[in-house]
Amino acid sequence: MVKAMANPHRLEIVDLLGQGEKTVEEIAGETGMSVANTSQHLQVLKSANLVEIRREGNFINYKLTHEEIYKSWQNLRELGLNHIAEMEKLVKDFREKRNSLEALKIDELLTKMKSKNVVVLDIRPETEFQNGHITGAINIPIEELATQLKNLPKNKEYVAYCRGPFCVFADEAVAVLNKKGYSAKRLNEGFPDWVLKGLPVSYSKAS
């Protein structure tokens, strides 16, 4: 199992599947790998019992066999951020360029959500939002945010979240919102981290 996860592409796949099940084609599109390479990595993960399949017509959907698998990746991620200086610097430098260093932790968001003045924005693709999202969040995929701004009142405080601390969607959303005069911050963690804490989750049916 350790050997199966000891590959950056496969860790990226585990991170993606933390959002919910996906087809080979969807994973290939998100990671920039070919379908053939993606399939090979998935077979390695499957052989190690890290992922399982669900057939739907001609499509094969992959998902993590258990949430503990994502938790293992989460622990490895935190270990790297806390103890590898180069990794911490890379993330810090990226966020300094985006002017998005300030972030909320989940506990801070929970406190803020008691106020009716806070709007939680899920910036992930619609399919991931449908597979599960923070209860009360509204979904505006990052590519649609600029055109949806007219529907967002400026007297609210916005907290954007995406897949996790390495996902740049939330950083991009905060940059767009702040540039247009909105008060916005990103959530430091992502949706799977919220799930692992046992916090309220909602699901949406496809339209």
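A: A crossing of two helices is right-handed if the near helix is turned clockwise from the far one by less than a right angle, and left-handed if anticlockwise. The model here is predicted, so local features need pLDDT of at least 70 and side-chain atom pairs 80 or more, while totals for chains, interfaces and linings use all residues. Residues count from 1 along each chain as its sequence is written, and side-chain values use heavy atoms, without hydrogens and water.

Q: At what angle do H3 and H4 cross?

A: Two packed helices are described by the angle and the distance between their axes. Here, H3 (residues 24-31) and H4 (residues 35-47) cross at roughly 110°, and their axes come within 9 Å. That makes H3 roughly perpendicular (65 to 115 degrees) to H4. The crossing of H3 and H4 is right-handed.

Q: Which residues of H3 and H4 make the contact?

A: Val 24, Ile 27, Ala 28 and Thr 31 from H3 meet Val 35, Thr 38, Ser 39 and Leu 42 from H4, with contact meaning heavy atoms within 4.5 Å.

Q: How far apart are the axes of H2 and H4?

A: For H2 (residues 8-17) and H4 it's 10 Å, at an angle of about 75°, so H2 is roughly perpendicular to H4 too. H2 brings His 9, Arg 10, Ile 13 and Val 14 to the contact, and H4 brings His 41, Leu 42, Val 44 and Leu 45.

Q: How many aromatic pairs are there?

A: A pair of aromatic rings is described by the distance of the centres and the angle of the planes. The whole structure has two pairs (centres within 6.5 Å). Tyr 158 and Tyr 182 have ring centres 5.7 Å apart and planes at 75°, so they're edge-to-face (over 60 degrees).

Methods. Axes are lines fitted to C-alpha atoms, for helices over the stretch in contact, and angles run from 0 to 180 degrees between N-to-C directions. Helices (H or I, at least four residues) and strands (E, at least two) are DSSP runs, numbered from the N terminus. Angles under 35 degrees count as roughly parallel, over 145 as roughly antiparallel, 65 to 115 as roughly perpendicular and the rest as oblique. Rings of Phe, Tyr and Trp (its six-membered ring) pair if their centres lie within 6.5 Å; planes under 30 degrees apart count as stacked, over 60 as edge-to-face and the rest as tilted.
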